[in-house]
Amino acid sequence: MSLREDFIFYAGEKPAYQAVYETLRDAIVCGRIPKGERMLEIYYAEIFNVSRTPIRSAFRKLANNGLAVEVPGGGVEAKGLDVSGIENIFKFQQALERLAFPQVIQNMTREALAELFGRLADCERLIDQDMQLVAHLNESVHRKLFEISRFEGIMEAVDLAYGFVQAFNLLAARDRGRQIAITEEHRAILSAIQQRDQVLLNSVADYHLEACRLFAVQFYQKLPRL
């Protein structure tokens, strides 16, 4: 999908600046906006068909989260991440899951579980048609688990750490085998929740995170050094 299509996908009922931020975050993490590229408000305001105000707010959030640096004359410069930053993000993500998943098991309903399994069925059906959409669907499954946990205050932390993990996993939209594996890993996570087995849930979730971490690290190690 194009940046504009990604923005529309993320928009929903979110504030415009948040949808812009998530779109640009994914593009920087995935290398679509390369490290060192100058990013200007007027350019992205035109792409997303919004005013410069949400672009400016999104740029500020990118800078605060270490993905960009402000430059003289306006705008920001894409900074990206390094391997050590990736490692820390996945450790943080694992800690968040340990906090949230007991409550996911407690709060999960049959209807919600069926809906999530349905998203995975859509992933399998669409794998040879639109892998970018499959990647977004897969990540919506994992994010929904945090929402179901209703763990007080966790979504703010999730928006930071999991947002990066989500962006890393969108890299797999370029890799059919990895995208299929993500769908299977998410199915194993949902099955553990269905069985209300916390030990199994931790195990399959850790396996999924480690596979995602390795994929992200290998991708970043292949990027040109600036």
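User: How do you know that β2 pairs with β3?

Analyst: Two strands pair if DSSP finds at least two bridges between them. Here 3 bridges join β2 to β3 (residues 76-78), and the two run antiparallel; Ala 68, for instance, stands opposite Ala 78 in β3. Strands are DSSP runs of E of at least two residues, and helices runs of H or I of at least four, numbered from the N terminus. The model is predicted, with local features requiring pLDDT of at least 70 and side-chain atom pairs pLDDT 80 or more, while totals for chains, interfaces and linings use all residues. Residues are numbered from 1 along each chain, and side-chain values use heavy atoms, without hydrogens and water.

User: Why are β1 and β2 said to stand at the edges?

Analyst: The open sheet has the order β1-β3-β2. β1 (38-39) and β2 (68-70) each have a single partner strand, so one side of each is left without a neighbour in the sheet.

User: What makes up the contact of α3 with α4?

Analyst: Contact means heavy atoms within 4.5 Å. Glu 41, Ile 42, Tyr 44, Ala 45 and Phe 48 in α3 meet Arg 52, Ile 55, Arg 56 and Phe 59 in α4. These divide into 6 nonpolar, no polar and 3 charged residues, where Ala, Ile, Tyr and Phe are among those counted as nonpolar, and Glu and Arg among the charged.

User: Which residues have the most contacts inside the largest nonpolar core?

Analyst: They are Leu 24, Met 39, Tyr 44, Leu 62 and Phe 168, in a core of 43 residues. Such a core joins buried (under 20% relative accessible area, 1.4 Å probe, protein chains only) nonpolar residues through side-chain atoms within 4.5 Å.

Terms used. Buried < 20%, exposed > 50% of the residue type's maximum accessible area, 1.4 Å probe, protein only.
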